[in-house]
Amino acid sequence: MQTNPDVYAKNLAALQARYPDLALMLSLVKIEKYQLAQQPGCLPNVLINGAFYYIGNMVKFCDEQFKGFNLQNVKVPVFLGLGLGYEVMFWLQFKAKENQTQAVIIIEKDLEMFQCAMNVTDLTTLINNPKVHFIVGVPLGQLYTTLRTFYQKNMQELLMCGATHPVFLYPAMKIGKEYYLQAMQILFEAIYHSIQNFGNCPEDSLIGLENMLDNVSEIANNPGINLLYDKFKGRPAVIVATGPSLKKNMHLLKDLYDKALIISVDASFKFLMANGIKPHMVTSLEREHEVELFFDGFETEEVKDVYMTACPVLFNHVYESYAGPQIIVYRNFDHFKWLEIDRGILDIKLSSSNMAFKVAEALGCDPIILVGQDLAYGDDGETHATEVPFSSEGEGVFYVKGNCAEKVKTNTGWYNFLKAYEVDIAQHKGRVINCTEGGAYIPGTHIANLAETLEKYAFEEWRPLDIIKDNLAQFNGVASDIEKLKGIVEKTEADVREIINLCIKGAGACKTHEEELKGELTPERLAEIRQEIIGPRLEIQGKYVNTFQKFLMHVCQSAHLAFEMQTVMMHTEPAKILLQFISWYAFVGDISEICLQSLEKAKGKLYAAVGV
C-alpha cells in the first residue's frame with residue numbers, strides 16, 4: 001500500500017515541536033524490513049516476513065488483548081510497543097476512564113516500526129498530549145538513564161508509580177520479547193532509584209537540616225563552589241576514591257599536583273597524604289559523626305592548601321576538627337535555597353565520589369579521570385584500600401560487569417552509587433575516563449590505563465592551586481549574610497508556629513469526622529467534610545508555601561511521597577483517603593515542632609555572631 005504523505009507531514013510537524021531529537025533520528029530511517037499493507041475494509045497493517053502484525057478486525061483484536069488485563073486503577077499504563085498505534089488509541093477511548101488513567105508511557109524499541117506508524121496513522125492527538133510520553137528507539141544500555149531523566153521531569157508520573165502497570169501487546173512481544181521484558185525491569189529499577197533520590201529516612205534528613213542550621217557560621221564565613229564555576233575549562237581532573245584497586249596505581253599520582261586538579265573523597269584523604277600525595281580538594285557529605293576521623297589530626301601547615309569541599313550537612317564538630325581552608329557546596333535541596341546565601345548548588349546524588357564528579361563537572365574539567373572507583377569487592381574480598389570508620393555497603397551480594405574482568409562482586413549500596421554515576425555521566429558533555437584497575441563497569445565511561453591517560457592529558461604544568469586561590473580571593477560575604485539570615489530565621493520561626501497550629505486543626509477535623517466517614521455519606525456531605533479536613537493543608541501549601549516547601553519539605557518529603565502514592569491507590573474510596581490525612585498532619589506537625597527547636601538554636605548562634 002501507499003503511505004499517506006499528508007498524515008506523515010502532520011505527524012512529523014507535531015513530533016518536531018515536542019520531540020525534535022526523535023524527529024531528527026526518524027528522518028534517517030527508511031522502511032526496509034517491514035511492508036505496509038491493507039486488506040479491503042481493514043485499517044492499514046504491517047507485513048513481517050509475510051505475516052500480518054495485526055489479525056482480523058482491529059477493534060475486536062484490541063478488545064481481546066485487554067480482556068485478560070484485569071488490574072484496576074491503571075493510572076499509568078506502560079505500553080510495551082506501539083505498533084501502528086491502534087492499541088493505545090483503543091485504550092484511551094474505551095479503557096482510560098474505568099481505569100482512572102492519568103498518563104501513558106509508550107516504549108517502542110524499533111524506529112522503523114515507529115516510522116510505519118507515522119506514515120499511516122494520525123498520531124497527532126498522542127504526540128500533542130502532554131500526558132502521553134514516547135520513548136522510542138532507545139537501546140537497553142541507555143534506557144535506565146532515559147527513564148531517570150524522564151522521572152526527574154515528570155514528578156506526577158513518579159507519584160503514580162504504585163498504579164503504573166505494564167501493558168504487554170501480543171504483536172510487539174512476538175518480535176521484541178527480550179527487549180520488552182528487560183525494559184520492564186529497567187523501568188522498575190529507575191522508579192525505585194528515583195524515589196530513593198528523594199530520601200527514604202526522615203530522621204536522616206532531619207539530621208541534615210539540623211546540621212545545616214548548626215553550620216550557619218561556617219556557611220557565612222566561607223566561600224562557595226560558585227566562585228570556581230567553569231574556571232578549569234578543558235583542564236583534567238582526577239577523582240580519587242577508596243576502592244581496593246587504589247593501591248595498584250596510586251603511585252602515579254605523586255607528581256601530578258601541578259598538572260591536574262586532584263579531588264579526593266574524604267575516605268581517601270589521609271591515605272593519600274600518608275603516601276605523599278596532596279589533593280587540592282576533599283569532598284564530604286555524610287551525616288556521620290565518624291567523618292571527623294577523615295579530617296582530624298593535621299597541622300595547619302600540612303593542609304593549608306587542601307580545601308575541605310563539603311556540604312554543610314556534616315556535623316559541626318567535623319568542620320571544627322579540620323585545620324585547613326573550606327569551600328561550601330550545597331546539594332540541590334530546597335532548604336539551601338531557603339538560606340538565600342548563594343554558595344552554589346550542585347545536583348549531587350548519593351556518595352562523596354558522586355559529589356566529587358559534580359564538583360569537577362561544575363568547574364569545567366575535561367577529561368574527568370576516575371581512580372579507585374571500584375564499587376565492587378577486591379580479589380580477596382577487600383572493600384577499601386585503607387581502613388574506614390564506617391561503610392556504605394548495602395545488603396545483597398551479586399555480580400555485575402567488570403572493568404577488567406567479565407564480572408565482579410558488588411552489593412546494593414555500591415550498585416546504587418554506580419547507577420547514580422551512570423545518570424550523571426549520561427547527562428555530562430565531557431569525557432569520563434575510568435582508570436580504576438578493577439572494579440565494576442560504569443556505563444558511559446571509557447576504560448583506560450592510568451599511566452597512558454596521564455601522559456596524554458596531564459603532561460604540562462598549569463598550577464591548579466593558583467586558580468583556586470585567585471578566584472576564592474573574591475569572597476566578601478560574612479556580616480551582610482548573617483544579618484540577612486537572621487531575618488529569614490525569624491520569619492520562618494513565626495511561619496512554623498502557624499503550620500503547627502494548622503496541623504493541630506487538621507488532625508482535630510479528622511478525629512471529629514472519623515466515625516461519620518466510616519458510614520454512608522451523601523456527595524454533598526462528603527464535600528463539606530473534605531473541605532474541613534484538607535483546608536488546613538491547603539493553607540499550609542498556599543499561604544506558607546515558601547516555608548513549607550523550602551524549609552520543611554526535605555525532611556517531610558519521604559513521608560509526603562509515601563502519603564501521595566498511598567492515596568493514589570485508594571482512588572475509589574474518597575472517605576478512606578480523608579481518614580489518612582490524620583497521619584499526614586501528625587507527621588508534619590511533629591517534624592515542625594522539632595525544626596522549631598533547631599531554628600531557635602540557630603537564632604541564638606546568629607545573635608551571638610552579630611553581638612546581640
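**Cysteines, fold and cavities in a predicted model**

The sulfur of Cys-42 sits 13 Å from the closest cysteine sulfur, that of Cys-62, which is too far for a bond. A search of the whole structure turns up zero disulfides, a disulfide being a pair of cysteine sulfur atoms within 2.5 Å. Cys-42 is partly exposed, with a relative accessible area of 29%, whereas Cys-365 is buried at 2%. Here buried means under 20% relative accessible area, exposed over 50%, and partly exposed in between, using a 1.4 Å probe and protein chains only.

The model is a predicted one, so local features need pLDDT of at least 70 and side-chain atom pairs count only at pLDDT 80 or more, while totals for chains, interfaces and linings use all residues. Residues are numbered from 1 along each chain as its sequence is written, and side-chain values use heavy atoms, with hydrogens and water left out.

As for the overall fold, the protein chain comes to 26 helices and 19 strands; these are DSSP runs numbered from the N terminus, with helices (H or I) of at least four residues and strands (E) of at least two. The C-alpha trace spans about 85 × 70 × 45 Å along its principal axes. A compact globule of 612 residues would have a radius of gyration near 25 Å, and the chain's 28 Å agrees with that; the radius is taken over C-alpha atoms, and the globule rule is 2.2 Å times the number of residues to the power 0.38. Buried residues make up 56% of the 612. Of the contacts between residues at least 6 apart in sequence, 76% join residues at least 24 apart, where contact means heavy atoms within 4.5 Å.

Val-371 gives a local view of such packing. This residue belongs to strand S15 (residues 368-371) and is buried, with a relative accessible area of 0%. Beyond its neighbours within four places in sequence, Val-371 is in contact with Val-238, Ile-239, Val-240, Ala-241, Leu-246, Asn-249, Thr-436 and Leu-450. The C-alpha atoms of Val-371 and Gly-243 are 8.4 Å apart, although 128 residues separate the two along the chain.

Most residues other than glycine have a negative phi, and most peptide bonds are trans. The bond from Asp-366 to Pro-367, however, is cis, with omega near 5 degrees, and Pro-367 lies in the loop between helix H18 (352-362) and S15. Glu-340, not a glycine, has a positive phi near 60 degrees; this residue is in the loop between helix H17 (334-339) and strand S14 (345-346) and is partly exposed at 45%. Arg-463 also has a positive phi, about 55 degrees. The loop that holds Arg-463 runs between helix H20 (450-457) and helix H21 (464-472), and the residue is partly exposed at 42%.

Finally, the structure holds three cavities of 30 Å³ or more. On a 1 Å grid over the protein atoms alone, a cavity is a set of points where a 1.4 Å probe fits but cannot get out, and lining residues have an atom within 4 Å of a point. Helices H9 (170-196) and H19 (412-427) are the elements that give two or more residues to its lining, with H19 giving the most, three.

Terms used. 1 Å grid on protein atoms, 1.4 Å probe; cavity = no way out; pocket = protein on both sides within 12 Å on 5 of 7 lines; lining within 4 Å. Points joined across faces, edges and corners; volume = space filled by probe spheres on them.
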